[in-house]
Structure formats: structure tokens, C-alpha cells
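This briefing covers pockets, strand pairing, salt bridges and a cavity. The sequence and the structure come first.

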Amino acid sequence: MTQEQTDLTIANPKMSARDVKVFYGPKQAIKGVSIDVDMDHVTAFIGPSGCGKSTFLRTLNRMNDTVASARVEGEITLDGENIYAPTMDVVQLRARVGMVFQKPNPFPKSIYENIAYGPRIHGLAAGKADMDVIVEKSLRRAGLWDEVKDRLNDSGTALSGGQQQRLCIGRAIAVEPEVILMDEPCSALDPIATAKIEELIHELRGRYGIVIVTHNMQQAARVSQRTAFFHLGELVEYGVTSDIFTNPRQERTKDYITGRYG
Amino acid sequence: MAEHTIKAFDEEIDRLRGLIAEMGGRAEAAIENAMLALQRQDKVLAAQVVADDKRIDAIEAEVEKLVIQVIALRAPMANDLRDVIAALKIVSVVERIGDYAKNIAKRVPLIATNTRTLEPISLLPSMGQVAGEMVHDALNAFAARDADLALAVVKRDQVVDDFYNSVFRTLVTFMVENPKTISECAHLLFIAKNIERIGDHATNVAEMVYYAATGQTLPERERGADLQPED
Ligand SMILES: Nc1ncnc2c1ncn2[C@@H]1O[C@H](COP(=O)(O)OP(=O)(O)O)[C@@H](O)[C@H]1O
Ligand SMILES: [Mg+2]
């Protein structure tokens, strides 16, 4: 059997980026990237440091708005709606498209409050009982409930690094997001804590669209079904993860994933 | 191809290729010497082929160890991964090829009659030569990542199959006419079958090389009608 080119069409993309360009002042960091994200596939962004993975990821929930010099061109839609439209509520957008950062950043508050904060400001809970349900559900989905259920009033910052990162994932989950963006979520974690996050990503797949930036190619191979390789601000190759890691089509992708880069 | 950022990785891959090249050379020599021993009824050479097979087995074990080490320590990807997996598979096939050559050599002392009276024997050296060249080319293709050469090997398998069918018919006819040679001719039949299997194995190696080099699998081969079912 000759290998077929796998069909990469995503039938109902949750998010679509079309010809996205990002500039920091005069410097172009992203050079016309188009990609779709859906709920059924975890998408991994890989590429050498400085190639624009974080920059592009942050366009997906307008985190670049916080960078004064940053300018975004092109179109990005969430359920077909342009997220850069003037009518778009950015606070609402960042709840629908949540983000988990490289360094776990829990609030210096109780574990309970870390989760409850978002639902409260978004008015998702009718009362204390309601909030208790949301907190438990979010911590369960984040795979943290059993470890913290007896000490919900302890400070979130007292948890281990891996637990803190799962708390941050729980915090993102609490506001009922549709997409979760993760920027090198495991790079500050040890291998066991990393394995737990990866396991969690498997469990979250299908319920949320998940995009993960990782500099660890083994991790991309383990957690994702689609991989996008970025180089110098370009999306060089996008494909089924197993294809990318066994038979990449572009020379640049091959050199990078086989350790021949630079 | 560009070098790996980690130099030791390149050294290990080079060593892997070196071992496989050596193994291929030894398998090819084993086939050649076994056929020569048969033609000349040279029992000493035949015994040498049997003894030399140990080195082929040893290389297989060495490659296996190295491949496991490379996978564990380097986590090879893409063409590197295809290469080391191909290496692992190829050595187990070449080890089998060595066994067939050894098997042929082991039959040499069992053929008591002067081979000059066995006319059909004259077909076997050319058949052995084609099979030996296939082994040689398949392993060269691996060393050079040469998909075209691998493809040429696959195509040549038909030549060995045709040889086999012809040898088979000739031997059967000869046995009918010279019943006293039946026991010798039976050995020759097995030898012909061994060579035919060597051709099949060389073809398998070539298919693995093609995949390693291109990332594409070859379409299923069309097989010529065999006189005997596959064993
Ligand atoms: N706030 C910023 N201001 C100016 N340039 C930036 C800023 N953030 C990132 N860059 C530049 O944009 C490019 C892409 O960076 P980034 O998206 O962080 O890459 P990656 O996440 O792949 O390592 C780099 O050249 C980087 O220096
Ligand atoms: Mg980054």
C-alpha cells in the first residue's frame, strides 16, 4: 500500500486562523499563518525558540493586546465569529479561550478561591452551594480533587509545582472554556508531574479544543494528534502527529525533529 | 545530509551502517563460497562457510544491542527512526540469508557422486550469483539510502524465481531419467529452494530499505506463478 496523504480537513473548526500576521513594531514575528483547531484533536506547536509559537498562540485569545507594540493582521474566528471584531468582549473571549502558562501562576489565595474567582466574576454560580459544585467539578477535571479535597482553604501557592499547574488548568476549566491554550505548561515540572499533565490533556481532549506549545518533541508526539512546525514566523508544516514524526515532508521539519537544527 | 547537533548520535548511526555493510558483505561471500564449494566439491571451503556464519550471527546481536541503545538514548525521529528500525529488521533477515548459505554448505559433503555427472548442477551457480548480487545491492541501497537501487532489487526477484522453476523442472526430468541420482538431486532441489528463498529475503530487505529511504511503502509485489507453494 502506498501511503495516502492523510486528509487534514477539519470539518467543524472551533477556531480558524487565516493569513495571520503579527508585528512587534516594525518587526514581523508571524508571517501569514493559517490553521484550524477543533475539539477532537490536540494541536501541538513545535519549533525552535523564537520562531513565534507563543506569539501565534497568544493571537488566539488576544493576549497580544496587552503588548503595546504588537499588531495583528488577518482573521481569527471562534465558532465563525471574528475575535478581533470591535464588538468582541475580550474578557468573555479569554474565558472561552483559556490559557495556561509556562510557570504555574496561582493567585496567592486559597485553592478554593483560585477556582472560584473566575466563575464569580463571570456570574456562573448562583450561590455558595453552586460554587462548591463548580469548584469540585473543576478540580476533578483537572485531576487534582483527590489530592486537595481536604485542604481547600490552604493557599494555592503551597502546592507542588505540578499541582499548581493542574490548579491553573482547573482555574481555566472553571469558567467553562471551549478552547484551552497551553504555553510550555510542563517546562517547569519534573517528569512525574509532567506525565500527570499529559494524562490530563488526554482526558480533556474532546471536551475542549486544546493547543499546546512545547519545546519537547517527545511531548508533542505523546499528547497531540496534530502537529504544526513553526520556523522563523512561518508555519512550515502542519500534519497528523504520527506523520510529522515518522515522515515529515519538509526538509526544515525533518532537520528540526531529527536534531539537525542549527 | 546535515549532521546531528549531538555528534555521538552520528557516530552511532555510522557504526550501525558499518556493521550492516560488513554483515552484507559476509552474507554475500557465504553464498558465493557455498556455491563454489558445491561446484568443486570442496568440503574444506564448505566447512569454512559453516564456521564463518557465527560472525554473521554475532553482528546481528551487536546491531540489536546498538539499536536498542540508540532508541533509548537518542529517541530518533523521522528518517533516523526509520533507519534504525530498518537496521533492526534487516539484520534479522540477513542472519536468515546466512543460514541458507550455511545450509547449502552443509549439503556439500552429502553429495557423494562426482558432480560432473549431475548436469543440472550447472544452473545453480548462475542462480546463486543473481541471489548474491541481490543481497549485495539491497545492502548497498541501505548504505546509500538509494530507493532506486532498492526498487531494482525487488524487480530482480523474478529472475531468481524463474531460475528456480527451471531448475526444478530440469532436476525432476533428470531424476526420472537417472534414478540412481535421486538422493543427490534431492539435495540440489533443496539448494535451489534455499537460493530462491535468499532472493525473497533480499527482496524483503530492499522493501525495508525503500521504506526507510522514502517513508513510502512499496505496492504489494506481483508474484510469478510458483511451482511450489511458499514455505
Ligand atoms: N513583546 C515582544 N516585543 C518584541 N518582540 C517580541 C516580543 N515577544 C516576542 N518577540 C519576538 O518575536 C519572535 C517570536 O517570539 P516568541 O513568539 O516568543 O517565540 P517562541 O514562543 O517560538 O519561542 C522572537 O523574535 C521574539 O524576540
Ligand atoms: Mg514561547
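Four elements of chain A, namely helix H2 (90-96), strand S6 (97-100), helix H3 (111-121) and helix H6 (161-174), each supply at least two residues of the lining of the largest pocket. Helices (H or I, at least four residues) and strands (E, at least two) are DSSP runs, numbered from the N terminus. The model is predicted: local features need pLDDT of at least 70, side-chain atom pairs count only at pLDDT 80 or more, and totals for chains, interfaces and linings use all residues. Residues are numbered from 1 along each chain as its sequence is written, chains are lettered from A and ligands numbered from 1 in the order in which they are written, and side-chain values use heavy atoms, with hydrogens and water left out.

**Largest pocket**

- The volume of the largest pocket is about 430 Å³. A pocket is an open set of points on a 1 Å grid over the protein atoms alone, with protein on both sides within 12 Å along at least five of seven lines, and lining residues have an atom within 4 Å of a point. Grid points are joined across faces, edges and corners, and a volume is the space filled by probe spheres set on the points.
- The lining of the largest pocket has 20 residues, and Arg94(A), Gly98(A), Met99(A), Arg171(A) and Ala172(A) lie nearest its centre.
- S6(A) gives the largest share of this lining, four residues.
- By class, the lining of the largest pocket has 13 nonpolar, five polar and two charged residues (Ala, Val, Leu, Ile, Met, Phe, Trp, Tyr, Cys and Pro count as nonpolar, Asp, Glu, Lys and Arg as charged, and the others, Gly among them, as polar).

**Sheet in chain A**

- Four strands form an open sheet in the order S2-S1-S4-S5 (chain A), with antiparallel pairing. Strand S2 (27-37) and strand S5 (81-82) of chain A are at the edges with a single partner strand each, so one side of each has no neighbour in the sheet.
- Strand S1 (residues 15-24) of chain A runs antiparallel to S2(A), and eight bridges join them; two strands pair if DSSP finds at least two bridges between them.
- Phe23(A) is opposite Gln28(A) in S2(A).

**Salt bridges**

- Over all chains the count is 31 salt bridges, a salt bridge being a side-chain nitrogen of Lys or Arg within 4 Å of a carboxyl oxygen of Asp or Glu.
- Glu198(A) and Arg222(A) form a salt bridge through their side chains (2.7 Å, N to O). This pair links distant parts of the chain, 24 residues apart: Glu198(A) is in helix H7 (residues 191-204) of chain A and Arg222(A) in helix H8 (residues 217-223) of chain A.
- Glu198(A) is buried at 8% relative accessibility, whereas Arg222(A) is partly exposed at 42% (buried means under 20% relative accessible area, exposed over 50%, partly exposed in between, with a 1.4 Å probe and protein chains only).
- In chain B, Arg197(B) and Asp200(B) form a salt bridge, with their closest N and O atoms 2.8 Å apart. Both residues lie in helix H6 (residues 182-214) of chain B, three residues apart, about one turn of the helix.
- Arg197(B) is buried at 13% relative accessibility, and Asp200(B) is buried at 3%.

**Cavity**

- The whole structure has one cavity of 30 Å³ or more, a cavity being a set of points where a 1.4 Å probe fits but cannot get out.
- Ile13(B), Leu16(B), Arg17(B), Asp83(B) and Phe142(B) line the largest cavity, and helix H1 (residues 7-40) of chain B gives the most to that lining, with three residues.
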